[in-house]
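Please find below my notes on the two chain-to-chain interfaces. They are set out as numbered points for checking beside the model.

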Number of protein chains: 4
Amino acid sequence: MKPTVVLVPQPQPVERIFRPETLARLHEAFEVVEPAEGELDAALGDAWAIVGQPELPTERLERAPHLRAVLNVEGNFYPNVDYPTCFTRSIRVLGCGPAYAQAVAEHALGLALDLARGISREDRAFRAGRERYLGEGNADAVLLRHADVGLVGYGNIGRALRPLLAAFGARVRAYDPWLPDAVLRDADVEPASLDEVLRRSTFVVVLATVTDDSQHLLGPRELDLLPEGARLVLVSRAAVTDYEALGERVAAGRFLAASDVWPTEPVPADSPFRSMEGLLLSAHRAGGIPAAFLEIGDMVVDDLELLARGLAPVRMQQAAPELVGRYRNRPAG
Amino acid sequence: MKPTVVLVPQPQPVERIFRPETLARLHEAFEVVEPAEGELDAALGDAWAIVGQPELPTERLERAPHLRAVLNVEGNFYPNVDYPTCFTRSIRVLGCGPAYAQAVAEHALGLALDLARGISREDRAFRAGRERYLGEGNADAVLLRHADVGLVGYGNIGRALRPLLAAFGARVRAYDPWLPDAVLRDADVEPASLDEVLRRSTFVVVLATVTDDSQHLLGPRELDLLPEGARLVLVSRAAVTDYEALGERVAAGRFLAASDVWPTEPVPADSPFRSMEGLLLSAHRAGGIPAAFLEIGDMVVDDLELLARGLAPVRMQQAAPELVGRYRNRPAG
Amino acid sequence: MKPTVVLVPQPQPVERIFRPETLARLHEAFEVVEPAEGELDAALGDAWAIVGQPELPTERLERAPHLRAVLNVEGNFYPNVDYPTCFTRSIRVLGCGPAYAQAVAEHALGLALDLARGISREDRAFRAGRERYLGEGNADAVLLRHADVGLVGYGNIGRALRPLLAAFGARVRAYDPWLPDAVLRDADVEPASLDEVLRRSTFVVVLATVTDDSQHLLGPRELDLLPEGARLVLVSRAAVTDYEALGERVAAGRFLAASDVWPTEPVPADSPFRSMEGLLLSAHRAGGIPAAFLEIGDMVVDDLELLARGLAPVRMQQAAPELVGRYRNRPAG
Amino acid sequence: MKPTVVLVPQPQPVERIFRPETLARLHEAFEVVEPAEGELDAALGDAWAIVGQPELPTERLERAPHLRAVLNVEGNFYPNVDYPTCFTRSIRVLGCGPAYAQAVAEHALGLALDLARGISREDRAFRAGRERYLGEGNADAVLLRHADVGLVGYGNIGRALRPLLAAFGARVRAYDPWLPDAVLRDADVEPASLDEVLRRSTFVVVLATVTDDSQHLLGPRELDLLPEGARLVLVSRAAVTDYEALGERVAAGRFLAASDVWPTEPVPADSPFRSMEGLLLSAHRAGGIPAAFLEIGDMVVDDLELLARGLAPVRMQQAAPELVGRYRNRPAG
């Protein structure tokens, strides 16, 4: 008898995260149940695994005596699960965060190279008939080669970004208060304080997750530490940065910035951000690309197959008992 | 007595290519002569080296009996030098092409990542109040990770671009009829025909130099080989590509393209290229950035110092007797 | 009040795994208790963490109501712990396997290069006055550059070995029945069957852990798949390979081999392995070097500090509930 | 009519450097003449290229009015050619040194890893029944990971060795008085004085070519700068090092060394080097392996084909007019 997998990936549509052949693999190896809205409880009695991020309070987990794994396909762990019960019952709680890492890292590098060379700014100028040829438009252009690059936060995305930066021979410093220095040094990254990262970097990429401690980690004081003409790339949650202070400095030409995240999304129609020359605007697009979504489905089926063979999952990320209570991320949709 | 260096870098201003400390090194080791316009001939009698790209026909070279080296600081070898006489007299003819390679490679990668993710397109949409959040604007977004990348031409820029692509685990094919396959294989690049490069690549970067053979190397037939939705980056001389055919296909949405070079520069004010959504416009800005210009001065002084010590130059590129007659590049300014 | 850490690292001497400064950090942050032999039970009442690999049956765990973590400092998980109880109680069970990975990977590469070039064989000949100069002794020498390399097993050591092989542009295939193909492809490794790995590789490195399934994974049939003149490096547990079949083939000159592990250790004094020309002999020395031992102490203290701050451990490896029952490794000392 | 290539590769046998298919390519594209001993002069009248390193004094070059290229297939440029006449006549003088670089680099790394881990020493002990298991034999074992590595000389071999060292995250310093600092920095190598290289490196690899200036570059004073327990790898010409001073220090246990080159070859039968425990002995075997020899033939035919098409050679190394008079290497056979 095949183990039963309850498939409730919403808001992810099934076809966004599963290629047809991946879905076929899932159905081949498992009894797949897709309960209609409101019928999840009824489906839990046989559930061996849940794919999705439904509410799983204590009483619901009690309805699922055979449950071995909960596989989140959205990206963040939310406080809607009774994690302690999962851990006590040795139910694997897995997340798909790594699926987005490469996409975000490539987007971040693209934003950084854009700021380095004025790619989108000069494209706009060209369309307006104001393009400047050859060296004329390059007064502030800089190389990434051998540059000082600072990372604020070093998790999945930082690990995906590191080898890309290595190809430029960049000197990389990182600030991550959750990591021992040795983890950074193993990755040929120099551990540094936040102030040092900001003060010594031509390029800064902000990748930090939001916790109580990291709200407005980058305030006016911190932003003022950036060197004149620095390039700041924001791809983590917006709450890490004081956007008002950011806007003032970018508008004043203190440094250039690119942002993929915003304090309120959608950004108000009349936001001054929309017309800042020194700001590259990106609409929370860094991670959610087709290849990343489809990677989620591949990870889910790979790990379900391993679990069914009595092996440990290797592709998704385990929820850490110590951390699940700390995240403050809002669902992104 | 110090050897005499005649400094005629025009159109490069001296301060664009020499940092103050590099210029100081030059003056420390050499007698530097900067002839006013029309007075070059008079300066040649003592010249041990010429830094610049003046006309050097047979009779002028005869005026310079002590000449040991000509160091071009503009980027291309032009047909204004009697090269055979230089070679017969063992006068080193050196070019600064490599100084631009890293800058061009980084710009090319920046353009490729922009096309991969729609960075400038979505920035424009954002400014117009039409931004699309999360997956909405990502329908055509692709990763560079593990992508098929084709290079048309593999010289200095290709060599600088190769390690950047390696960081993405990209599969790189190249077409270069001037190179034995072994050179490409040594660089972990697969040698391929032009057709194969175009047909099998998601990303194509055109880096070819112009020769008689490469005029419109990319015509309608070749452009039609590109896969639907490919990303084409043009950073070499414009004559390699048929821009009319290019424009038709980009306008029709067959593929996306970025161009740093243009058939006529400046591009006419009413050119349809200026409003194409699928085209990223760059005004011949890939190479001429401050860091590249200053690299030229460093290379010049490094190699002059080596020559003065009786050693071989190692930083600039030697003119190849077999090739100097083949180039058709126009001065870029 | 500091959390209590019970330190029972035997057979590891404390000073082998802790640098003085690391030990100082441990004492700074924790109440460290080192029970004499037979007094462990008495120490468990206050224990917040145990550093070592003592017997921890159910009843002993019951004596440790505050226990949050067990940190193994020997290298393998043994069946002397009641793992289910640990998991149910959310006690972290951590292993130090990753501490040895770099040492083993470097040793494996050293053995492979020795076999590639006959380094130790020709050193012996030199000492015996039989050295052969220049090409004479190189008839069977091969490059690692662009070679086909096969890995049997892809865990911590494989991951440490992968970048070393990448520097040679080697084409790497791996067989690992515990891993989905995607994990290998992410590492730019080609997933392959065991037969394919053996048949197509010039170099084969055996890294597999012993389970019921992997006993004599490499028997006569498998060893006969190796190409004539292949180089086989054995650094995992000896039980994976049929050493009698191995010895016959090496003695017959079918291929060259290096072994760091042996069916019985010490190897019998009269073992024919001791005089085989085609066999490089290493006395289980791949992992246990000073730098690896000291890394264990660093990992232990780093992770203890994280746990004490309420964060997840990141340096040691978590025991997988699915796997702890499968390992059959014998303690190595 | 095909251009005439005079093939006189002695002492290299034709079949050592040409694969059958490479030789077929040569015959396909060229009229190949292989003059018997003493009949070279007669063959020169039609010669378009010479493959080999025969005596080419002025008068012999005069017999070869159509000569366009001389391709050395032995490895070093000797003083048996009238180089100035070649340069004046724009005759390409090409060397095959790069063919050996990868082989030497891999051998050097193999020697370094052997010294790091005592691979050959412990293999000898094992054969003598004195092997030490696990940590016992590892007291002096060190990692290459993150080690300080010094290179004395940075030419073809250094460039081949650099990426191998990068995979270990090694910090690489180099001393090369013929190179501007920028060349080293471009390769992510720190330029340093000889003293600093010796003083700060755990591993030192000597790659310097012999010139008048480099005779006994490493004398007693310099060797005494090495840290206690350093690992010294000698793969360049022996004249660079004072072997008497070297032997004293290795015998005294000051550091470990490996040598592939020797002041006199063959090494005298009664040389004390033959029994030194701390010395790894290699009989000038680093470069001359089958793959390197065959690479020479490939390079020769690739470059001849390019020259015949009117293109510049790209695989072999051009003789530098400034350097040909400086080399003092003795033919190695």
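**Notes on the two interfaces**

1. Across the interface of chain D and chain C the rule finds 4 salt bridges, a salt bridge being a side-chain nitrogen of Lys or Arg within 4 Å of a carboxyl oxygen of Asp or Glu. One of the pairs that meet this rule is D:Arg124 with C:Asp123, whose closest N and O atoms are 2.8 Å apart.

2. The model is predicted, so that local features need pLDDT of at least 70 and side-chain atom pairs count only at pLDDT 80 or more, while totals for chains, interfaces and linings use all residues. Residues are numbered from 1 along each chain as its sequence is written, chains are lettered from A and ligands numbered from 1 in the order in which they are written, and side-chain values use heavy atoms, with hydrogens and water left out.

3. Between chain D and chain C there are 34 residue pairs in polar contact, both residues being at pLDDT 80 or more; a polar contact is a pair of N or O atoms within 3.5 Å, where within protein one must be able to donate a hydrogen and the other to accept it, and residues adjacent in sequence count only if both atoms are side-chain atoms. On the side of chain D that touches chain C, the elements giving two or more residues are α6 (98-117), α7 (119-127), α8 (156-166), β12 (279-281) and α13 (290-308) of chain D, with helices (H or I, at least four residues) and strands (E, at least two) taken as DSSP runs numbered from the N terminus. The largest share of this side, 10 residues, comes from α6(D).

4. In contact terms (heavy atoms within 4.5 Å), 59 residues of chain D meet 59 residues of chain C. The area buried between these two chains is about 5,000 Å², of which carbon and sulfur atoms give 60%; buried area is the accessible area (1.4 Å probe) that two parts lose on being put together, summed over both. D:Phe126, D:Arg127 and D:Arg285 supply 16% of the area that chain D buries against chain C, more than any other three residues.

5. For chain C and chain A, 28 residues of each are in contact with the other, and the two chains bury about 2,000 Å² between them, 54% of it on carbon and sulfur atoms. C:Pro180, C:Leu311 and C:Glu322 supply 23% of the area that chain C buries against chain A, more than any other three residues.

6. The count between chain C and chain A is 2 salt bridges, and C:Glu322 forms a salt bridge with A:Arg92 at 2.5 Å, N to O.
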